[in-house]
Amino acid sequence: MRLRNIPGATEEIAQSKYCIHDAQQYKGNWSNFWGNNHPIHIEVGMGKGQFIMDLAKLHPDINYIGIEKYSSVLLRGLQKMEIEPLDNVRFIRMDAEYICDFFGENDVDRIYLNFSDPWPKDRHARRRLTSHQFLERYDTFLISDGHIEFKTDNDGLFQFSLDEANESETWHIDAHTWDLHNDQAMCEGNVMTEYEKKFSEMGHPIHKMILSRS
Ligand code: SAM
């Protein structure tokens, strides 16, 4: 998702109390930021933040961090927080390529990847958030029994992600489905993302996989 550049978005983010501006200083020490030891779940590529905010309302004892590359998109999340502030949600504007600058060993308990950009050209495969390059990054900061949950409607990206996980010596596919909304077990408690609502209304089956360490 890349909304038209919104004038002032960067400045608004720089001043927002809902964004973590100096996030690198909390690497390895996130309880100092939150003031508690609650588990931390992150969504990489959160878009406008609806999913992570819905989860945060359901689970007040979990701290959520939404990561988004584009200011114009992140701004929409900030606007939602202004209307309905949540103490257990904060945002970081960054390119996830640099995620290891922000999170150290055991900092994160779960990673959500939802409707990540497919980057269809082979030469851009390393930019896909489920590429082996990204899986190696997540391995450095996810707790040992932590999970990655990935949803998409994109067949090519989903098959690529299954292949990357299968070829990995670190990651194991706990479960996967090509049709989440018709898979009773995997769909239980499912919280829909903005893209999930849009694409399922268009009749696209939603795919999901859950990874853990092998
Ligand atoms: N997760 C939301 C959902 O399911 O409704 C948004 C999905 S949208 C298609 C993908 C989002 O990921 C976009 O907002 C895009 O800017 C963001 N994104 C893509 N690559 C990223 C990266 N390397 N770092 C941070 N955000 C990224």
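Helices (H or I, at least four residues) and strands (E, at least two) are DSSP runs, numbered from the N terminus. The model you are looking at is predicted, so its local features need pLDDT of at least 70, side-chain atom pairs count only at pLDDT 80 or more, and totals for chains, interfaces and linings use all residues. Residues are numbered from 1 along each chain as its sequence is written, and side-chain values use heavy atoms, with hydrogens and water left out.

Five bridges join strand 5 (residues 142-152) to strand 7 (residues 207-213) in the antiparallel sense, and Lys151 stands opposite Lys208 of strand 7.

Now for the open spaces. A pocket is an open set of points on a 1 Å grid over the protein atoms alone, where a 1.4 Å probe fits, with protein on both sides within 12 Å along at least five of seven lines; lining residues have an atom within 4 Å of a point. The largest pocket holds about 750 Å³, a volume being the space filled by probe spheres set on the points. Its lining has 37 residues, with Gly45, Ser116, Asp117, Trp119 and Leu129 nearest the centre. Strand 1 (40-44), helix 3 (50-58), strand 2, helix 5 (132-141) and helix 8 (194-201) each supply at least two residues of that lining.

The second largest pocket has a volume of about 210 Å³. Among its 18 lining residues, Tyr112, Glu149, Gly189, Val191 and Lys208 lie nearest its centre. Strand 4 gives the most to this lining, with three residues.

Finally, look at both ends of helix 8. At its start, a side-chain oxygen of Thr193 comes to within 3.3 Å of the backbone nitrogen of Tyr195. After helix 8 comes Gly203, with a positive phi near 95°.

Note on methods: Two strands pair if DSSP finds at least two bridges between them. A polar contact is a pair of N or O atoms within 3.5 Å; within protein, one must be able to donate a hydrogen and the other to accept it, and residues adjacent in sequence count only if both atoms are side-chain atoms.
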